[in-house]
Amino acid sequence: MIWKKRLLVAAGVIGLTLSGCTTTGNTEGSEAETNGAPNQAIAVSLPAELTTLDTTQTTDKATFTIVQHLFEGLYRFDENSEPVPGLAEGVEISEDGKTYTFTLRDDAKWSNGEAITSADFAYAWKKLVDPATMGPNAYLLDNVVNSKDIREGNADVETIGLETPDDATFIVQLAQPQPSFLSLISIGWLAPQNQAFVEEKGETYARTSEDLLYSGPFTLTDWQQTGDEWTLVKNDQYYDADVVQLEEIKGSTIKEENTGIQLFESGDLDLQKISGIYVQQYGDNEELVTQNDVANFFLDFNKTANDALANVHVRKAIALAIDKESLVDNVLNDGAKVLNGLIPTGLAANPNTGEDFRAYSGDYNLYDLEAAKEEWEKAQAEIGESTTLRLLVTDDDNGQKIGEYLQSQLQENLPGLSISINKQPRASLNQSRANSDYELSVSGWIAGSSDMDMFFILYKNGASFNYGGYVNEEYTALTEDARTVHANDPDQYFEDYKAAEEILLEQDAAQVPLYQSASNYLIKSNVKDIQFPAYGAHFFFRTAYVSE
């Protein structure tokens with residue numbers, strides 16, 4: 001059973017025929033035609049540099065965007081973000097939902113022509129969870145038999161619930177049913193790795209484009225780990241190479257959107273991601289494409305960093321005092337939508353009813369100034385008339401605008417509360433949160449698969465991502481029941497998570513969901529069939545092409 005979810009695309013984008021400039025990026029010969037057909041080469045940018053292309057270590061979305069082009073796993077996402085067979089030709093799932101038997105394609109090959117085998121998957125998955133080589137996303141395999149004990153140092157890696165009876169068969173034993181499992185394995189973090197190649201490269205593995213083997217529709221050239229430029233080239237060894245039409249994709253890191261826009265306008269870029277004021281500027285341009293992200297951007301409380309934040313009335317007052325409609329309409333104005341729950345719209349729908357979880361669970365802590373002031377008066381009676389809180393935000397334009405808006409809202413609506421803004425680069429902010437070195441923070445969590453537990457894990461007792469010290473035994477028990485004993489009962493699974501969300505947001509106000517973000521792109525009108533996955537990547541060029 002595969003749980004269904006919806007990919008939300010802004011109205012008017014589906015089926016939209018773009019028009020405008022018809023030149024492609026200035027890669028060599030890109031404006032020429034061969035035998036009457038347009039040259040299949042484009043130039044694109046990403047807003048952040050690539051980090052590591054070792055799939056067991058990758059975490060950021062910019063890098064995952066390239067990972068998805070280079071490394072395919074057992075399954076991949078189709079144009080609707082549904083998991084479909086990739087390097088596996090299919091899977092048999094046991095009646096109890098705990099055993100997955102994958103059969104690999106006969107024509108699954110590495111970019112050097114060698115066959116991809118079940119041992120390549122077993123090696124990569126063990127490498128991900130082995131404490132000696134463990135990656136940041138090792139917890140994603142916690143439901144594989146013994147995997148959690150292995151990553152916590154309580155079991156040998158060879159006891160993991162994986163079997164490779166032959167080169168073409170890969171068997172996974174789960175501790176509990178997991179309806180989202182095929183979605184989970186469609187992301188590059190569970191792609192195969194060739195053990196002999198990795199060990200031959202040693203410490204240089206994945207540091208340059210020459211130090212990698214590829215299993216996806218493209219290979220990589222002209223890249224080293226400290227570089228800002230790279231080139232994707234069609235992988236002729238890819239089993240489905242006939243559907244890949246682009247021969248070359250020139251890529252670069254462009255952090256300043258204005259620079260990228262200038263390059264787009266001059267014809268040197270075919271795709272540029274934009275945000276904020278630029279979305280408003282290009283609002284009527286048919287080359288603007290908008291997609292709603294499956295993401296939650298939220299205000300988080302560190303209860304351990306300030307006594308005031310340990311007071312539930314303080315947290316509730318803050319949650320009720322923020323006008324989110326004004327935030328998305330007047331501050332962001334980029335297609336973002338108000339979010340009033342932990343789980344974003346479009347992540348999961350009940351397969352029995354088709355109802356999206358966000359609609360099922362409802363809205364929490366809507367803007368209510370009168371109720372906010374009542375909670376604030378209760379808080380002041382316990383903590384004193386005035387208090388100062390530090391708000392951690394990113395130092396980019398959006399971060400600063402959001403920070404200043406929240407500062408204004410909270411200081412105006414809750415007299416006696418003072419907010420100081422601490423701006424940090426994104427990487428520093430993430431580290432500060434990981435170190436629990438913050439009081440209030442604005443952060444985001446982007447879906448890695450259709451599994452709702454990926455969001456609920458943020459606040460489970462003892463979870464590594466529970467940076468703010470939230471503890472609620474009932475919340476954790478409900479989320480564990482949803483993940484385990486009720487995993488094959490969608491109605492009960494939804495009810496468990498709804499009850500947990502109500503505890504988290506209504507009862508304890510442990511988080512303030514703010515908005516569900518949107519991604520905006522300027523894309524040349526002659527570049528067709530780009531896919532925008534709900535998970536794992538900004539964009540995907542597997543079937544994209546340059547039209548005449």
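**Exercise 1. Pairing around β11**

How many bridges join β11 to strand β12 (residues 248–253), and do the two run parallel or antiparallel?

Solution. The model is a predicted one, in which local features need pLDDT of at least 70, side-chain atom pairs count only at pLDDT 80 or more, and totals for chains, interfaces and linings use all residues. Residues are numbered from 1 along each chain as its sequence is written, and side-chain values use heavy atoms, with hydrogens and water left out. Strands are DSSP runs of E with at least two residues, helices are runs of H or I with at least four, and both are numbered from the N terminus; two strands pair if DSSP finds at least two bridges between them. Five bridges join β11 to β12, and the strands run antiparallel, with W230 opposite G251 in β12. Strand β11 (residues 229–234) also pairs with strand β10 (residues 218–221), in the antiparallel sense over four bridges, and here T219 stands opposite V233 in β11.

**Exercise 2. Two packed helices**

Describe how helix α15 (residues 473–483) packs against helix α16 (residues 490–507).

Solution. The axes, which are lines fitted to C-alpha atoms over the stretch in contact, with angles running from 0 to 180 degrees between N-to-C directions, come within 8 Å and cross at roughly 160°. That makes α15 roughly antiparallel to α16, a term for angles over 145 degrees. The contact (heavy atoms within 4.5 Å) includes Y475 and L478 of α15 and Y497 and I503 of α16. By class it has nine nonpolar, one polar and four charged residues, where Ala, Val, Leu, Ile, Met, Phe, Trp, Tyr, Cys and Pro count as nonpolar, Asp, Glu, Lys and Arg as charged, and the others, Gly among them, as polar.

Conventions
Parallel < 35°, antiparallel > 145°, perpendicular 65-115°, else oblique.
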